[in-house]
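Me: I have a protein model open and would like to learn how to read it. Could we go through some features together?

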Amino acid sequence: MLKGRLQCNPATPAPPRFGGLAPRSAARRGAGRAPPGPPDGRALVELAKGILMGRLNCTPAAAARQLDELCRDAGLSPLELAADIVNQAARDHVSEVAAEFVERTATAARPAARNSALSVRLRTAESGILAAAADTQAVAESLLANALTPLGAVAVAVWAAAPDGSLTLAAHAGFPAQEASRWRHVPPGVATVPRLALRERTPVTIADLGHEGIPSIGHLQWPAGGRMAVPAGTGGRVHGVLEVCWPQPLPPQPPQIQRQVEALAELCAHTLDTAPPPDAAAPEGLLPDVSELIDLAEGLHDPTVVLTPVLDAEGRLADFRIRHANSRFADPAGRPRADVHGALLLEAYPMAGGDSGLFDTIERVHATGEPFRAERVSLTALVDQIPLTSVADISVSRHGAAVLLVWRIEDETARLANLLQHAQRLGRIGGFEEDLTTGEITWNSELYALHGLPPTAPPVPLRDLPDHAHPDDSAALGRFLRAVLRYRRPASVNLRLRRSDGILRHIRVVAEPVLDAAQRLHAVRGAYQDISAQHWTEVALAATRDQLALTEAESAERNRLALQLQHAIMPPHHHIEAPGLRVAVRYRPAETESLVGGDWYDTLVLPSGLILLSVGDVAGHGIEAATGMVVLRNALRGLAVTGAGPAQLMSWLNTVTHHLTKQVTATAVCGLYDPRTRVLRWARAGHLPPVLVRKDGARAFPLIDGLLLGALPDVTYAEGEIRLEPQDTLLMFTDGLVERRDASVQDSLADLLHTAGAGAGDLDGRLDALLTESWSDTDDDTCVIGVQVG
């Protein structure tokens with residue numbers, strides 16, 4: 001800001017100084033008067049002299065003397081002082097960037113030096129751009145030399161954006177000529193770094209081009225370099241992209257660096273803007289090409305509005321003004337065209353800025369020039385503060401600086417007709433109408449397809465339909481025709497249609513008479529429907545039902561035989577008397593006969609005097625499980641006669657199970673009790689361990705190793721041993737007693753121990769209580785052996 005009162009005229013030899021500039025930096029005193037520098041720097045110095053001439057009302061020579069004297073007093077070079085003068089006078093984007101840079105980076109060291117360096121770079125670049133505005137290549141070179149090289153950049157590219165989304169290399173600096181020639185044009189849709197910035201309309205920073213795998217100009221020279229691409233635009237329009245290249249990976253940059261590049265892109269945008277400047281005498285935003293666009297809108301048959309951008313005080317897009325609504329325009333809220341004409345878009349249609357995204361779409365088209373078209377877009381308008389939504393096809397395109405918005409509200413009648421046509425096609429339904437007075441017959445295209453006829457063939461009259469049907473359907477067709485033509489009643493018939501190509505189709509025909517004012521039969525209308533798929537589905541279902549009935553009968557018979565076999569071998573109640581023991585058995589079959597399982601139990605006094613106690617469960621249900629159970633139960637009986645111990649018996653039984661032809665698997669627990677010593681030796685194969693009930697409660701036997709039967713050919717089983725005491729009760733059972741869908745086996749076994757330990761009475765009472773109070777809910781077979789020591 002200029003401080004002090006400056007006055008100058010040709011007679012004044014020593015004009016006053018700028019009060020705010022002289023004490024700027026004592027550290028720079030003695031720097032001397034440096035030459036203005038390169039041409040861009042001299043242009044900046046001349047611009048500062050022009051500002052002094054305007055402010056001081058003095059001659060060029062006096063302004064030059066004033067500038068020299070200020071340089072000496074402030075200890076600044078002419079370029080630095082010229083940048084400060086232009087910043088104070090302009091108060092533009094470059095000034096804001098310089099001020100922001102100082103505010104964020106200033107330290108106690110030399111803030112003025114930092115500010116001057118940045119100001120000189122930006123203002124020198126601006127001077128070069130203004131001096132070479134017609135030469136974009138010179139602009140790129142000035143940007144790189146004056147502003148970007150101090151930031152470590154090695155190359156710069158200026159891209160011009162076309163409405164079709166393509167990019168053209170308008171200028172470059174730092175890239176080899178051959179590389180620039182290869183990248184002179186980038187087609188639409190190629191995901192380069194500037195294309196990303198153009199699509200997002202925000203600055204894009206790529207730390208490592210090779211790591212991201214994005215192609216761009218110069219990626220062969222600097223494969224791991226960093227990139228920054230900034231859209232270059234003015235007044236809400238994006239004219240192109242400024243792309244800056246660094247040779248090495250780019251670390252995260254502070255916001256002020258990005259702001260500097262954005263300021264350079266804004267300066268660069270003025271060289272890319274080829275639109276003619278607006279007429280200063282014309283109304284706000286009314287551009288020379290709008291009148292032609294209005295003529296174009298009037299020639300369209302769809303509702304159309306012409307929009308022009310409205311910018312805020314900082315030159316950014318704020319809204320669009322409705323410059324014209326054509327004669328086809330119909331406001332969804334019912335307002336006349338005059339009420340909408342000249343209004344701001346967001347004021348006239350506030351819902352456009354909501355979820356519909358219409359305003360965002362118009363803004364994008366205005367910014368990039370890429371046209372937008374979409375079908376069945378929801379448009380919402382407020383009518384008495386009530387949102388009303390309609391569906392329309394819309395088109396948005398940019399013409400110069402104006403935007404043309406065209407929409408076509410979906411016609412309800414056409415939509416329903418289109419929906420009906422698709423429904424008839426999907427349902428294979430053909431419609432017809434036959435005028436009995438004139439003989440004129442109307443078919444739709446689907447009906448021709450059902451008959452296998454070309455669209456140019458003559459339709460088949462309703463009376464001639466028997467000639468195209470299977471002879472066996474003639475009686476039903478006769479009743480149908482009499483009902484419609486003679487008795488004038490709606491009717492339907494199913495027939496087999498013989499087409500000319502030899503294909504036989506099953507068709508349902510529905511028809512109704514049309515009467516005139518005198519109640520005479522005037523016409524017949526109706527529909528054909530192809531029900532071939534339904535017919536053959538019904539035939540297949542009928543055959544399937546017959547097969548299922550036969551299969552169910554066979555399955556029921558198999559289950560009945562399995563159940564009889566199971567009950568014959570294992571009756572529900574069984575007792576064995578042995579020296580010093582009382583053995584009781586309970587067997588509860590599955591409630592559903594189709595779930596006949598493979599549970600078994602066995603108690604047998606062996607020739608050696610030992611008592612065999614065993615329970616088991618064959619996997620699966622039905623006759624296979626029942627026959628497998630018989631094989632394993634009898635095999636264990638035969639093997640036990642050998643005098644082998646429980647572990648050996650389980651190993652042999654595993655071999656038998658593994659070599660069964662049905663690949664049976666099973667679980668089992670086997671015990672040999674010696675009444676003389678009251679010692680029980682036992683082994684298990686994947687089965688739950690037995691439970692011992694004494695006066696102090698119930699507990700399960702320690703779990704010993706034992707793989708289920710039939711899984712592997714050779715398995716060695718462990719063996720356990722326990723001495724029973726008088727009045728002890730031993731329980732051996734299958735998992736049907738404890739298995740629950742909603743609980744783990746450990747929890748179910750814990751409940752069983754609690755129930756068994758709390759039981760009282762004789763052995764039969766204990767077993768009955770266990771079956772009654774069992775929480776099992778899997779509807780499986782259950783076997784329980786109870787052994788009470790006397």
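Reply: Let's begin with a salt bridge: Glu-363 pairs with Arg-201, and their closest N and O atoms are 4.0 Å apart. Glu-363 lies in helix 14 while Arg-201 lies in the loop between helix 8 and strand 4, so the pair ties together parts that are 162 residues apart in sequence. Keep in mind as we go that this is a predicted model.

Me: What stands out about the backbone of Arg-201?

Reply: Start with the general idea. Most residues other than glycine have a negative phi. Arg-201 has a positive phi of about 55°, although it is not a glycine. Gln-727 is another case, with a positive phi of about 75°. Gln-727 sits in the loop between strand 25 (720-723) and strand 26 (729-733).

Me: Back to salt bridges. How many does the count come to?

Reply: The count comes to 21 salt bridges. One of them joins the side chains of Asp-602 and Arg-637, at 2.7 Å from N to O. This pair links distant parts of the chain, with Asp-602 in strand 19 (residues 597-605) and Arg-637 in helix 19, 35 residues apart.

Me: How do I judge the accessibility of Asp-602 and Arg-637?

Reply: Use the cut-offs from before. Asp-602 has 2% relative accessibility, so it counts as buried. Arg-637, with a relative accessible area of 29%, is partly exposed.

Me: Which parts of the chain does the pair of Asp-751 and Arg-740 link?

Reply: Asp-751 forms a salt bridge with Arg-740, and the closest N and O atoms are 3.1 Å apart. Asp-751 is in helix 21 (residues 745-758), whereas Arg-740 is in the loop between strand 26 and helix 21, 11 residues apart. Asp-751 is partly exposed at 27% relative accessibility, while Arg-740 is buried at 15%. Salt bridges can also share partners, and in this way Arg-582, Arg-586, Asp-764 and Asp-768 are joined into one network.

Me: You mentioned helix 19. How far apart are its end C-alpha atoms?

Reply: Let's work out what to expect. Helix 19 (residues 623-640) has 18 residues, so at 1.5 Å a residue it should span 26 Å. The end C-alpha atoms of helix 19 are 26 Å apart, which agrees.

Me: Can you show me how to read the surroundings of a buried residue?

Reply: Thr-361 is in helix 14 (residues 358-368) and is buried, with a relative accessible area of 18%. Leaving aside neighbours within four places in sequence, Thr-361 is in contact with Phe-372 and Val-396. A second case is Asp-674, found in strand 21 (residues 666-674). Asp-674 is buried at 14% relative accessibility, and with neighbours within four places set aside, Asp-674 is in contact with Leu-610 and Val-679.

Me: And the surface: which residues make a nonpolar patch?

Reply: Leu-707, Leu-708 and Leu-712 make a nonpolar surface patch of about 220 Å². Leu-707 lies in the loop between strand 24 (697-700) and strand 25, and is partly exposed at 35% relative accessibility.

Me: Finally, how many helices and strands does the protein chain have?

Reply: There are 22 helices and 27 strands. Of the 790 residues, 46% count as buried. The chain exposes about 38,300 Å², with carbon and sulfur atoms supplying 54% of that area. Among contacts with a separation of 6 or more, 59% join residues 24 or more positions apart.

Terms used. Residues are numbered from 1 along each chain as its sequence is written. This is a predicted model: local features need pLDDT of at least 70, side-chain atom pairs count only at pLDDT 80 or more; totals for chains, interfaces and linings use all residues. Side-chain values use heavy atoms; hydrogens and water are left out. Helices (H or I, at least four residues) and strands (E, at least two) are DSSP runs, numbered from the N terminus. The expected span of a helix is 1.5 Å times one less than its number of residues. Buried means under 20% relative accessible area, exposed over 50%, partly exposed in between (1.4 Å probe, protein chains only). Contact means heavy atoms within 4.5 Å. Accessible areas come from the Shrake-Rupley method with a 1.4 Å probe; for residues, only the protein chains shown count as cover. Patches are made of residues with over 30% relative accessible area and no salt bridge: like charges are joined within 9 Å, nonpolar side chains (Val, Leu, Ile, Met, Phe, Trp, Tyr) within 5 Å.
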